[in-house]
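Reader: I'd like to go through this one feature by feature. Could you give me the general idea each time, and then the case at hand?

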Amino acid sequence: YDFNSLEKVLEDCGFSNVHRYDYKQVLPKGYDDFSRCFWKHLRDCKSMAEYEQGMLVGLNVECEKL
């Protein structure tokens, strides 16, 4: 999925307020999960800044179901 195709599927299933989220604003500092997974792997980088310049692997989406 890309965002547009996933948004359509979610809206067709009755979800609303579908939007991408920035893991930096949602997760506690230092919390590690796949919403902040970048390619290239951290073990291949010299710093966190270099890691975060990679491609974000996940499609971080939130929505509401009323």
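Reader: Let's start with a lysine. Where is the place of Lys8?

Author: Lys8 sits in helix H1. Helices (H or I, at least four residues) and strands (E, at least two) are DSSP runs, numbered from the N terminus. Before we go on, two notes on the basis of all this. This is a predicted model, where local features need pLDDT of at least 70, side-chain atom pairs count only at pLDDT 80 or more, and totals for chains, interfaces and linings use all residues. Residues are numbered from 1 along each chain as its sequence is written, and side-chain values use heavy atoms, with hydrogens and water left out.

Reader: How many salt bridges does a search of the whole structure find?

Author: A salt bridge is a side-chain nitrogen of Lys or Arg within 4 Å of a carboxyl oxygen of Asp or Glu. The search finds 1. Its partners are Lys8 and Asp12, at 2.9 Å from N to O.

Reader: Why are Lys8 and Asp12 separated by about one helical turn?

Author: Because they are 4 residues apart in helix H1, which covers residues 3-12.

Reader: Which residues is Val18 in contact with, leaving aside its neighbours within four places in sequence?

Author: Contact means heavy atoms within 4.5 Å. For Val18 the list is Phe3, Glu7, Leu10, Glu11, Val61, Glu62 and Cys63. Val18 belongs to strand E1, residues 15-20, and is buried at 10% relative accessible area.

Reader: What is the phi of Asn17?

Author: The general idea here is that most residues other than glycine have a negative phi. Asn17 has a positive phi of about 50°, although it is not a glycine. Asn17 is also in strand E1, and is partly exposed at 42% relative accessible area.

Reader: Now the rings. How many aromatic pairs does the structure hold?

Author: Rings of Phe, Tyr and Trp (its six-membered ring) pair if their centres lie within 6.5 Å; planes under 30 degrees apart count as stacked, over 60 as edge-to-face and the rest as tilted. This structure holds 0 such pairs.

Reader: Which residue lies over the face of Phe15?

Author: A charge sits over a ring if NZ of Lys or CZ of Arg is within 6 Å of the ring centre and within 35 degrees of the ring normal. Over Phe15 it's Lys65, at 5.2 Å from the ring centre.

Reader: Which residues form a nonpolar patch on the surface?

Author: Patches are made of residues with over 30% relative accessible area and no salt bridge: like charges are joined within 9 Å, nonpolar side chains (Val, Leu, Ile, Met, Phe, Trp, Tyr) within 5 Å. Accessible areas come from the Shrake-Rupley method with a 1.4 Å probe, and for residues only the protein chains shown count as cover. Here Trp39, Met55 and Val57 make the patch, with about 360 Å² of accessible area together. Trp39, in strand E2 (residues 38-39), touches Gly54, Met55 and Val57, not counting residues up to four places away in sequence. Val57 lies in the loop between strand E3 (55-56) and strand E4 (61-65), and is exposed at 52%.

Reader: And Asn60, is it buried or exposed?

Author: Asn60 is buried, at 5% relative accessibility, and its place is in the loop between E3 and E4.

Conventions. Buried < 20%, exposed > 50% of the residue type's maximum accessible area, 1.4 Å probe, protein only.
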